[in-house]
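This briefing sets out the fold, the sheet and selected loop residues of one protein. Please read it alongside the sequence and the structure shown here.

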Amino acid sequence: MRMKNMAQNQTQSASTNKKISTYLTLIVLIVMALAITALLIAGETYLAGDQLAAGVLAGIGLIALVLSVFLLYQSKLQTAQVKIEVPKVMTTIECANKACNTKTVREFQRGDYVYKDLDITCTKCSGKQMVTAIYKEIKEKEKTFNV
Ligand SMILES: [Zn+2]
C-alpha cells in the first residue's frame, strides 16, 4: 500500500514539473518575441535618425533576448536533472520452485505487492513465480558514499 502511494506521488510531481516548464517556456517565448520586436523597432528608429532611442531600444532588446535564452537553457537543464533524480521502484520476482530459484528484477508495475502470485510462469522451469521484494533503486553514487 505504501509503495503504491509512493509511485503515485512520483508521477504527480513529474507532471507538475512538466506543467511549470511549459508555463516557463511560454513566458520565455513571449519575452523573446518582445525582444525581437524591440530590436526591429530599434532598427527603424535608427534609420529614422534617432540614434539615442535606437540604442536604448537595442539594449533592452538584447538584454531581454539574452535573458530569455538563458532562462530557456536553465529550465531545460533543470528538467533533465529532475528526470535523472527520480529513483525507480523495482520489483524482485522469484520462482516458487526451490530447485530452480530463478530471480528476476523488473520495474514496478501497478498492482505489485510482496507475496503476490504472478500469472507469468518461470522462463526456466515454467513454475509459479512470486513477488518477493519491492524497493527503490539505489544509485551508484549513494552506494560508494557508504563505503
Ligand atoms: Zn523456475
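Two strands are taken to pair if DSSP finds at least two bridges between them. On that basis, S1 and S4 pair in the antiparallel sense, with 7 bridges between them. The model discussed here is a predicted one.

**Overall architecture**

- The protein contains 3 helices and 4 strands.
- Along the sequence, these elements follow the pattern α-α-β-β-β-β-α.
- Of the 147 residues in the protein, 7% are buried.
- Considering contacts between residues at least 6 apart in sequence, 53% join residues at least 24 apart.

**Organisation of the sheet**

- The 4 strands form an open sheet whose order is S2-S1-S4-S3, with antiparallel pairing.
- Strand S2 (103-107) and strand S3 (117-118) each have a single partner strand and stand at the edges, so one side of each lacks a neighbour in the sheet.

**Strand pairings and bridge partners**

- Strand S1 covers residues 89-95 and pairs with S2 in the antiparallel sense over 5 bridges.
- Within this pairing, Glu 94 has Lys 103 in S2 as its bridge partner.
- S1 also pairs with S4, again in the antiparallel sense, over 7 bridges.
- Here the bridge partner of Cys 95 is Gln 129 in S4.
- S3 and S4 are joined by 2 bridges, and their pairing is likewise antiparallel.
- Asp 117 stands opposite Met 130, which belongs to S4.

**Loop residues with positive phi**

- Most residues other than glycine have a negative phi.
- Tyr 115, a residue other than glycine, has a positive phi, near 75°.
- Tyr 115 lies in the loop between S2 and S3.
- Is Tyr 115 buried or exposed? Tyr 115 is exposed, because 7 other C-beta atoms lie within 10 Å, and a residue counts as exposed at 12 or fewer.
- Ser 126 is not a glycine either, yet its phi is positive, at about 50°.
- Ser 126 is placed in the loop between S3 and strand S4, the latter spanning 129-136.
- With 11 other C-beta atoms within 10 Å, Ser 126 is therefore exposed.

**Summary of the sheet and its loops**

- In the order S2-S1-S4-S3, the edge positions belong to S2 and S3.
- The loop between S2 and S3 holds Tyr 115, whereas the loop between S3 and S4 holds Ser 126.

Notes
Residues numbered from 1 in each chain as written. Predicted model: local features only at pLDDT ≥ 70, side-chain atom pairs only at ≥ 80, totals over all residues. Buried ≥ 20, exposed ≤ 12 C-beta atoms within 10 Å, placed from the backbone. Contact = placed C-beta atoms within 7 Å.
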